[in-house]
Amino acid sequence: MDEKLAQFEANFSVLDRYGVKITDEEYITNPAIGRDQQIKELILILLTPEKSAILIGKPGIGKTAIVEGLAYRMQRNEVPDALKGYTIINLKTASLSGESKVQKMIDELKTRDKVILFIDEIHMLIGATDSSSLDFANIFKEGLGRGSIKVIGATTTEEYETYVIRDRAFLRRFDRIDVLEPSEETTVQILKGSLPRIEKKTGIKFKYSDYITTLLIKSIVSATSQYKRVYGLAAMYPDVAFSVLSQAFSLALLEDKEEVSILEVYNAIKTSKRIY
């Protein structure tokens, strides 16, 4: 039994078990519409020796979408040659509880080349807790130093200022990218660009022409503007508007409809708990 357990532990991969290779995902449309500048900044940091990136912005603002946008470009070979062949692995912080898993992951990373690790809520690994906090910058020092391992972190502005900014070793290795809330016009384009993906996932279509569809999406974006959001419940654009659009599809599915009509859009806005 001990021999089998040892063999299992030797073959067990933390990255394969708890990580998702987002460079292998299927993207129906560009997941990072309107984020060209942030993706350019991200690429420049990743191309810089011994540097990794941290995305900072409020919840629901599209930090993960920026990383997915980079993966989308990598699939299409729309990145510099130096980034071609890299794999982006989305690793959840919750899966890294326990020193043994962390050490196992470190050992794995030492044996792999061209890995970009994406860690959302990265503050959880650098001191957000007392007993289990990890010296994250030093953990990845060897891999970051030789340039074969890159890390993209994401956290909110508040958590960055509370936890991350105190860790000077971390700040030396990570350059920040500020992710701001998109405008209403950009949010409309993001929602329109997301329609093919939602339609494929749900198996139903939006009923109207491009002109009417644009008007309905504008109504959703207008209904979810800053001063109409319920304090403490609502995220930012585009997430708060996207949740209403998704709800319209859910309402159509509930009634076994094959198309989303203005009635579902109206009811989605009416019943949303995120807006007044």
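Colleague: Which residues of H13 do Leu-216, Ser-219, Ile-220 and Ala-223 in H11 meet?
Modeller: Keep in mind that this is a predicted model. Contact here means heavy atoms within 4.5 Å. On the H13 side, the partners of those H11 residues are Ile-262, Val-265 and Ile-269.

Colleague: How do those residues divide into nonpolar, polar and charged?
Modeller: Take the contact of H11 with H13 as a whole. No charged residues turn up in it, and one is polar. The nonpolar residues number six.

Colleague: Are H11 and H13 roughly parallel or oblique to each other?
Modeller: Their axes come within 11 Å and cross at roughly 5 degrees. Angles under 35 degrees count as roughly parallel. So H11 and H13 are roughly parallel.

Colleague: Which residues in H13 does H12 meet, and how many of the contact's residues are charged?
Modeller: H12 brings Val-244, Gln-247, Ala-248, Leu-251 and Ala-252. H13 answers with Glu-264, Val-265, Asn-267, Ala-268, Ile-269 and Thr-271. By class there are seven nonpolar residues and three polar, and the charged count is one.

Colleague: Is the crossing of H10 and H11 left-handed or right-handed?
Modeller: Helix H10 (residues 184-202) and H11 pack with their axes 9 Å apart, at about 125 degrees. That angle makes H10 oblique to H11. As for the handedness of the crossing, H10 passes H11 in one that is right-handed.

Colleague: How many charged residues does the contact of H10 with H11 have?
Modeller: From H10 come Glu-184, Thr-187, Val-188, Leu-191, Lys-192 and Leu-195, while the H11 side includes Asp-210 and Lys-218. Six residues in the contact are nonpolar and four are polar. The charged ones number four.

Colleague: Is the aromatic pair of Tyr-27 and Tyr-72 stacked or edge-to-face?
Modeller: The structure holds three aromatic pairs, and this is one of them. Its rings are 6.3 Å centre to centre, with 90 degrees between the planes. Planes over 60 degrees apart count as edge-to-face, so the pair of Tyr-27 and Tyr-72 is edge-to-face.

Colleague: How many residues apart are they in the chain?
Modeller: Tyr-27 sits in the loop between strand S1 (19-21) and helix H3 (36-46), and Tyr-72 in helix H4 (residues 63-75). The pair links distant parts of the chain. The separation is 45 residues.

Colleague: Where in the protein is confidence lowest, going by helices and strands?
Modeller: The protein averages a pLDDT of 87, and 86% of the residues score at least 70. Strand S8 (residues 259-260) has the highest confidence, at 98. Where pLDDT is low, the predicted coordinates should not be read in detail. The lowest mean, 55, belongs to helix H1 (residues 2-11).

Terms used:
Residues numbered from 1 in each chain as written. Predicted model: local features only at pLDDT ≥ 70, side-chain atom pairs only at ≥ 80, totals over all residues. Heavy atoms only, no water. pLDDT = per-residue confidence, 0-100. Helix = DSSP H or I, 4+ residues; strand = E, 2+ residues; numbered from the N terminus. Nonpolar A, V, L, I, M, F, W, Y, C, P; charged D, E, K, R; others polar. Axes fitted to C-alpha atoms, helices over the stretch in contact; angles between N-to-C directions. Parallel < 35°, antiparallel > 145°, perpendicular 65-115°, else oblique. Phe/Tyr/Trp six-rings, centres within 6.5 Å; stacked < 30°, edge-to-face > 60°. Left-handed = near helix turned anticlockwise from the far one by under 90°.
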